[in-house]
Amino acid sequence: MPHESSPLPSWHGTTILTVRKGGEVVVAGDGQVSLGDTVIKGNARKVRPLGPGGKVVGGFAGATADAMTLFERLEAKLDQYPGQLTRACVELAKDWRTDRYLRRLEAMMIVADAEASLVLTGNGDVLEPEAGVIGIGSGGNFALAAARALMDTEFGAEEIARRAMKIAAEICVYTNENIVVEKLPSAR
């Protein structure tokens, strides 16, 4: 009987959420990295300041090395187009779709500055949410739904993000409660 090799277990997990409310912008991410049904690490840092002066915050879901490559490319675009997050993201998305190496990268990113919150994908998408809330990753839809439900409360952006991430961690097995939050003041 021929030996059938099973595919390697896939890396799972993360939840990244951006909330923009009341002059405040936050990007939050959990710390869990899983391989198959095993938690490999619980305190990974998937959210960080980007660009000159840390005026942009980004978070990633997907393969870490791929995401770091994309963060480096985005920082180069931010240097090339200072103060123009949307333009830098569009230029990165063009490269991501057309460059043979970049096309193979498996990650999604959320980036935000004082004026815009955007999600970037390898399909060339650069999307801005209608309601100031974006969620990506395995628990992204859970966090997104929770954050949208909390937007009409008295809570600020950071509290909404923390509560929504906690809810996502209670539902998604690939999300934990080790939350990192980066905050920016908003221009709006």
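Here are legends for a handful of close-up views of this predicted model.

Residue numbers start from 1 along each chain as its sequence is written, and side-chain values rest on heavy atoms, with hydrogens and water left out. Because the model is predicted, local features need pLDDT of at least 70 and side-chain atom pairs count only at pLDDT 80 or more, while totals for chains, interfaces and linings use all residues.

**View 1. The whole protein chain.** You'll find four helices and twelve strands here; these are DSSP runs (helices are H or I, at least four residues; strands are E, at least two), numbered from the N terminus. Of the 188 residues, 48% are buried, where buried means under 20% relative accessible area, exposed means over 50%, and partly exposed is in between (1.4 Å probe, protein chains only). Take the contacts (heavy atoms within 4.5 Å) between residues at least 6 apart in sequence: 63% of them join residues at least 24 apart.

**View 2. Helix 3 and its cover.** Helix 3 runs over residues 140–150, and its buried residues are Gly140, Ala143, Leu144, Ala146, Ala147 and Leu150. What lies over them? The cover includes strand 2 (15–21), strand 11 (133–137) and helix 4 (157–171). As background, an α-helix has 3.6 residues a turn, so residues three or four places apart point the same way.

**View 3. Arg162 on helix 4.** Arg162 sits in helix 4 and is partly exposed, at 35% relative accessible area. Leaving aside residues up to four places away in sequence, Arg162 touches Ile179 and Val181. Leu17 is 145 residues away from Arg162 in sequence, yet their C-alpha atoms are 9.3 Å apart in space.

**View 4. The second largest pocket.** This pocket holds about 260 Å³ of space. Pro52, Lys55, Val56, Gly83 and Asp113 are the closest to its centre among the 13 lining residues. A pocket is an open set of points on a 1 Å grid over the protein atoms alone, where a 1.4 Å probe fits, with protein on both sides within 12 Å along at least five of seven lines; lining residues have an atom within 4 Å of a point. The volume is the space filled by probe spheres set on the points. The lining has eight nonpolar, two polar and three charged residues, with Gly counted as polar and Lys and Asp as charged.
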